[in-house]
Amino acid sequence: MSSLRQTDLEIYSAIEAERKRQQSTINLIASENYASHAVLEVLGSFLTDKYAEGYPQHRHYGGCENVDVIETLAIERAKKLFKAEHANVQPHAGAQANMAVYLAMLQPGDTIMGMRLIHGGHMTHGDTISFSGKNYKVVQYGVDKETERIDYKEVERLALENKPKLIIVGASSYTRIIDFERFRQIADMVGAKLMVDMAHIAGLIAVGLHPTPVPYAEIVTSTTHKTLRGPRGAFILCRQEYAQMIDRAVFPQMQGGPLVHAIAARAVAFQEALQPSFYDYQKNILDNAQVLAGELSRLGLRLVSGGTDNHIVMVDLTPIGISGKKAQEALERVGIVVNRNSIPFDTRSNWVTSGIRLGTPAMTTRGFTTTEMKLCANLIFKVLTHIGDTAVEDQARDEVQQWCHKFPIPGIDD
Ligand SMILES: *Cc1c(COP(=O)(O)O)cnc(C)c1O
């Protein structure tokens with residue numbers, strides 16, 4: 001970034017500070033990951049300069065012959081990776097992908113049914129703080145109070161009672177396998193369409209470590225930057241009969257020109273995910289999550305639903321009497337970055353919360369094995385049970401620095 005350094009020292013300095021922050025912290029944010037050097041290279045390329053409104057071979061601009069090659073490859077790779085009939089790789093981010101689906105499938109005022117935000121759902125699934133909760137009539141389902149797993153009987157009851165036009169499945173802080181087949185059955189009972197938002201678990205689905213929603217849902221949306229380990233962005237998969245509706249909803253209904261550099265980077269990430277080594281990576285994510293969950297629970301923390309089937313561990317801090325906010329801040333002081341998160345039936349506000357959400361994708365990318373994850377779980381527990389003890393925090397900070405040194409970030413350090 002030598003030219004940036006000369007032209008804009010302020011932004012250059014902030015980027016360099018962020019590089020240092022990323023290198024010197026343990027990242028347990030479940031929705032983050034580290035894209036490869038190849039992906040970063042493409043994202044920073046001159047492809048960003050090209051306008052390409054439309055789709056391959058149907059553009060509103062001249063000079064799109066190379067962009068057509070790029071977008072076609074991205075589409076073909078996405079279809080191959082998830083065995084889908086059609087793919088749209090233009091949505092700028094996950095929220096936009098979901099918005100496009102609603103524009104394609106619904107009229108304002110129609111009824112949608114999605115998972116409650118504080119039970120693990122995403123705000124674009126009908127929460128009042130999002131457009132989705134304002135434009136549509138929303139029915140929300142959640143988890144059972146005892147098992148803290150999706151209450152399929154309740155989903156069925158709510159669907160029969162409210163006859164939603166679209167049932168939305170998918171979550172941002174849910175740790176269990178989702179039964180897409182069951183959701184399909186419920187949708188069929190009431191003539192609803194089924195949309196699955198697999199943003200968090202797309203990488204696991206790509207390699208078969210979580211059941212795929214593709215055979216069951218009319219539409220599947222996803223981000224590319226979570227377990228999939230690609231650039232920030234999104235895509236939509238659908239059956240052929242919905243292809244034209246979805247494409248028209250993305251452009252020109254919702255977006256203008258696509259981000260060509262981002263589409264190219266998505267194509268690179270899909271190709272990386274098609275390699276055999278991607279299975280090993282996803283398997284390691286799961287192994288690490290098992291160890292993290294097992295160890296934290298052995299030490300005395302309560303895990304929402306008692307454990308995990310995926311890359312996320314939801315910790316209820318009630319047994320040690322601290323809030324999610326306090327925990328997040330204490331961990332950040334020693335260089336462990338997490339996010340506070342509401343737990344189902346949380347009594348604290350969503351600003352303070354009773355829980356933290358941990359995830360293993362990013363540190364698995366850096367090479368953490370179950371050995372480091374086990375030590376890391378113990379360190380987390382120690383810090384959370386010694387808040388304000390500067391000797392403990394100083395020692396923890398040293399340990400974190402040693403790990404960060406030993407496990408460089410692929411996209412930054414190679
Ligand atoms: C992360 C996420 C999104 C939104 O992604 P953005 O790219 O931040 O808009 C949508 N749905 C689910 C389930 C997510 O976890």
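Guide: Start with Glu161 and Arg157, which form a salt bridge with their closest N and O atoms 2.9 Å apart. Keep in mind that this is a predicted model.

Visitor: Why is the pair Glu161 and Arg157 called a salt bridge?

Guide: The cut-off is a side-chain nitrogen of Lys or Arg within 4 Å of a carboxyl oxygen of Asp or Glu. Here the closest N and O atoms are 2.9 Å apart, so Glu161 and Arg157 qualify. Side chains of opposite charge can pair when their charged atoms come close.

Visitor: What separates Glu161 and Arg157 along helix 7?

Guide: About one helical turn, because they sit 4 residues apart in helix 7 (residues 152-162).

Visitor: Why is Glu161 called exposed, and what is Arg157 called?

Guide: Exposed means over 50% relative accessible area. Glu161 has 53%, so it is exposed. Arg157 has 41%, which falls between 20% and 50%, so Arg157 is partly exposed.

Visitor: What makes Asp188 and Arg184 a salt bridge?

Guide: Their closest N and O atoms are 3.0 Å apart. The limit is 4 Å, so the name applies. Both residues lie in helix 8 (residues 180-190), 4 residues apart, about one turn of the helix.

Visitor: Why do Arg298 and Glu295 get the labels they have?

Guide: Arg298 stands at 57% relative accessibility, over the 50% mark, so it counts as exposed. Glu295 stands at 8%, under the 20% mark, so it counts as buried.

Visitor: How many salt bridges does a search of the whole structure find?

Guide: The search finds 19. Arg59, Asp68 and Glu71 are linked in a network of salt bridges.

Visitor: Which domains does the assignment give?

Guide: Domain 1 covers 40-273 and domain 2 covers 280-406. Their centres, taken over C-alpha atoms, are 29 Å apart.

Visitor: How many residues does each domain bring to the contact?

Guide: Domain 1 gives 22 residues and domain 2 gives 26. The area buried between the domains is about 2,100 Å², and carbon and sulfur atoms give 57% of that area.

Visitor: How many salt bridges are counted between domain 1 and domain 2?

Guide: The count is 2. There are also 16 residue pairs in polar contact between the domains. On the side of domain 1 that touches domain 2, the residues divide into 8 nonpolar, 8 polar and 6 charged.

Visitor: What makes Asp309 and Arg176 a salt bridge?

Guide: The closest N and O atoms of Asp309 and Arg176 are 2.9 Å apart. Within 4 Å is enough, so they form a salt bridge.

Visitor: Which residues are in contact with Arg77, leaving aside neighbours within four places in sequence?

Guide: Ala267, Val268, Phe270, Gln271 and Leu274. Arg77 itself lies in helix 4 (residues 65-82).

Key. Residues numbered from 1 in each chain as written. Predicted model: local features only at pLDDT ≥ 70, side-chain atom pairs only at ≥ 80, totals over all residues. Heavy atoms only, no water. Domains from an automatic or database assignment. Contact = heavy atoms within 4.5 Å. Buried area = accessible area lost by both parts, 1.4 Å probe. Polar contact = N/O pair within 3.5 Å; in protein donor to acceptor, adjacent residues only side chain to side chain. Nonpolar A, V, L, I, M, F, W, Y, C, P; charged D, E, K, R; others polar. Helix = DSSP H or I, 4+ residues; strand = E, 2+ residues; numbered from the N terminus. Buried < 20%, exposed > 50% of the residue type's maximum accessible area, 1.4 Å probe, protein only.
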